[in-house]
Amino acid sequence: MALVELSLPRADLSAFVKPGSRDEGLLELLVSGAHCAGCMARVEGDIGRLSGVISARLNLSTGRLAVTLSRGGDPALVLETLERIGYPATLYDPEAAEIAQDREGRAITMALAVAAFGAGNAMMFSVPIWAGLFGQELGPATRTLMQWASAVIGAPCAVFSGMVFFRSAWRSLRAGKANMDVPISIGVLLTLGVSFQETLLHGRDTYFDAAVTLLFLLLIGRWLDHSLRRKARGAAADLLAMQASTAILLDGQGHERRVPLREVMSGDLILVRPGERIPVDARVVSGTSELDNGLLTGETAAVTVETGEVCRAGALNLSGLLTLVALARSEDSTLAEIARLVEAGSQSKSAYVRLADRAAGIYVPVVHTAAALTFLLGWGSGLSPREALLRAATVLIITCPCALGLAVPAVQVAASSRLFRRGILVKSGVALERLAEVSRVFFDKTGVLTEGRPRLLAADPADIRRAAPLARASSHPLAKALARAAGAGPAVENAREVAGQGLEATIDGHLYRMGRADYVGAITGPSSETELWFGEVGADPVCFRFADELRSDAAATVLALRRRGCEVEILSGDLEGPTAAAARRAGVTDWRSQLTPQDKAMAVESAAAQGVRVLMVGDGLNDIAALSTAHASMAPGTALDASQTAADLIFSGDRLGAVVEAMDIARAAKQRALENFAFAALYNLIAGPAAMLGLINPFIAALAMSGSSLVVTLNALRLLRGGGR
Amino acid sequence: MNILVLLAPFSLGLALVALGAFWWTLQHDQYEDPQGDAARILIENDEDCPL
């Protein structure tokens, strides 16, 4: 995870407290690890007892903890307490927390409830009418009474719950386009109007219950679609809100103050501890350290920086304490060029036409022509205008797009909940549609094909044992990798870290050093591998070599993708040597190295220009432009937050096989959606002509509509089965 | 048949009560934290309760 574990000093965190009523303030945190009643009681109890805390309430579903603080309350104390009891928390940008209010969702839920009420109760009066259709005894006076009762309940409910569609149809008509909601609105309003006319004139067929049932079924689809988007948006918002991270500002007197990133101005002095990321583009004022630019450029080797050198935002500070002067604000830092490419990429994506809209593009003109023809031909062939209009309305309602409106959302909800169980987060349903169409896959190397962290190559176990106590005392990634290889054990206590060089400690009266070759006292030529030297001062040092290992299933994944008809290529910002080696071991023949972010985006664009739809899998800042330009994109959970925001899908865990899995499910989802469309087309081919010939009565309409929706939904649910754990 | 005049409005009234209750739950954030509400009932805070 790109997040830095919070080990905050007692710094000023008041920037994160949102002022509330009177003297109170609200602090929002994202707590990890709380999953049960016990956790909840622990968190709320321990935080609630702190001085200055008025109340604490944990939302177990979203992991958000809302703490109300009195004037003297200390946010840092809350964070420390959470850390101590084992639920590390992340600060939440108060502005990002605002978007939790879900007005649209509530409106849709209420419309759904009213439609359900209307459908159920209008049907209570429709059943006697249906009985009358089949020769049961029903006098005209009773029938009219039933029709009025059905109208009084059905019509207001249809108008209320139909507002969701009417508004959207009106918006799209004013923009000069016709979306799916236009035929729905016309169908519902025409049906209600004709039914009122029939009731007034004591006709036989009214469709109040059909109109409101149609809206009920459509609203189910709308509700599913909305909750999927909300869930994905919530996850994306969580990422953005946490990305808000902070910077430590130094004021004139040398006091440290932790502020939200957006408050850092050019010229401010900032402090960056080892293990933290450089918050904005900045120049080193004092201190020496090594920076890991892995997420920025894809380079595996660390870069040493000294006073006067420029560090770029996003680089990870590895070893020394750095004091920097900011050269740009946060918004300008994240490389204006990349931001521009991202924007261009998302524009090209918004031109994508969803599957359902493509189907609607065929469906709408056909159905409207059929309805108009029914009216004109019926009138022309001797029916009264009233009868002809009734038939036209029947055509519109019976060929309702329920199956279309429900077919795609149901499939996408089923597919993304199955992916979610497998640790893959889908940002939107459209992303799945695009993923299904992909025929070439571009992989980034560092952090995607590889694990993105060094691993010790073959070394003498005795050397490892000797070096381990010193390695365990360091926070440097190479030393950590060595400590991992050595396993658990004691660490030296008197280690002294020399920033940018290494560390030394006295063990049994002998001085040992670990770090760069010249620091430890070795004379070497250049080497391609990343190295860590260790030895007693004055004696010959030993060298540990590290490499960024491939993920264990990288080669298998490449093979599986090939078998599914996808070409695989590596786009890396790293040097030629490591890229070639990784490509060889992963079994990839096409690779390009030393690419800039622009080069990567260009590669994606030129593939798109040849008509090839590309899936980009990347994690770094140098991949963001390509991620947002590609037809579909995936990022691992360890990626930079900005990359996760740009990607369509995010997979967690160590397995690269998630890419194959996501592609399989996306393709299966598309298959199900197409099956549903085929079924809807077949249904309309039978029901449409029947309605045009006047063979449909209200009972058959009610059966056919709910029946077709049920079939479509059950077919979508098939996605939940099979293949899973 | 006269019983209809009594029963139909009565059943409608019941359904309206249910609809109103659902509207109330929506307005009062009853669906914000389903997992938390399920877990909260298991937490014992007997010290607050004199009985």
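This is a predicted model: local features need pLDDT of at least 70, side-chain atom pairs count only at pLDDT 80 or more; totals for chains, interfaces and linings use all residues.
In chain A, helix α5 (residues 140-174) and helix α6 (residues 181-200) have axes that come within 8 Å and cross at roughly 155°. Angles over 145 degrees count as roughly antiparallel, and α5(A) and α6(A) are therefore roughly antiparallel to each other. The crossing of α5(A) and α6(A) is left-handed, and the contact of these two helices has 13 nonpolar, 8 polar and 1 charged residues.

Between the chains, 16 residues of chain A are in contact with 16 residues of chain B. On the side of chain A that touches chain B, the elements giving two or more residues are α1 (37-48), β3 (53-59) and α4 (103-133) of chain A, and of these α4(A) gives the most, with 7 residues. The two contacts are set out by residue class below.

| α5(A) with α6(A) | 13 residues | 8 residues | 1 residue |

With 15 other C-beta atoms within 10 Å, A:E536 is partly exposed, and, when residues up to four places away in sequence are not counted, A:E536 touches A:H510, A:L511 and A:Y512. A:G38, by contrast, is 498 residues from A:E536 in sequence and 51 Å from A:E536 in space, C-alpha to C-alpha.

Technical notes
Residues are numbered from 1 along each chain as its sequence is written. Chains are lettered from A and ligands numbered from 1 in the order in which they are written. Axes are lines fitted to C-alpha atoms, for helices over the stretch in contact, and angles run from 0 to 180 degrees between N-to-C directions. Helices (H or I, at least four residues) and strands (E, at least two) are DSSP runs, numbered from the N terminus. Angles under 35 degrees count as roughly parallel, over 145 as roughly antiparallel, 65 to 115 as roughly perpendicular and the rest as oblique. A crossing is left-handed if the near helix is turned anticlockwise from the far one by less than a right angle, and right-handed if clockwise. Ala, Val, Leu, Ile, Met, Phe, Trp, Tyr, Cys and Pro count as nonpolar, Asp, Glu, Lys and Arg as charged, and the others, Gly among them, as polar. A residue is buried if 20 or more other C-beta atoms lie within 10 Å of its own, exposed if 12 or fewer, and partly exposed in between; C-beta atoms are placed from the backbone. Two residues are in contact if their C-beta atoms, placed from the backbone, lie within 7 Å.
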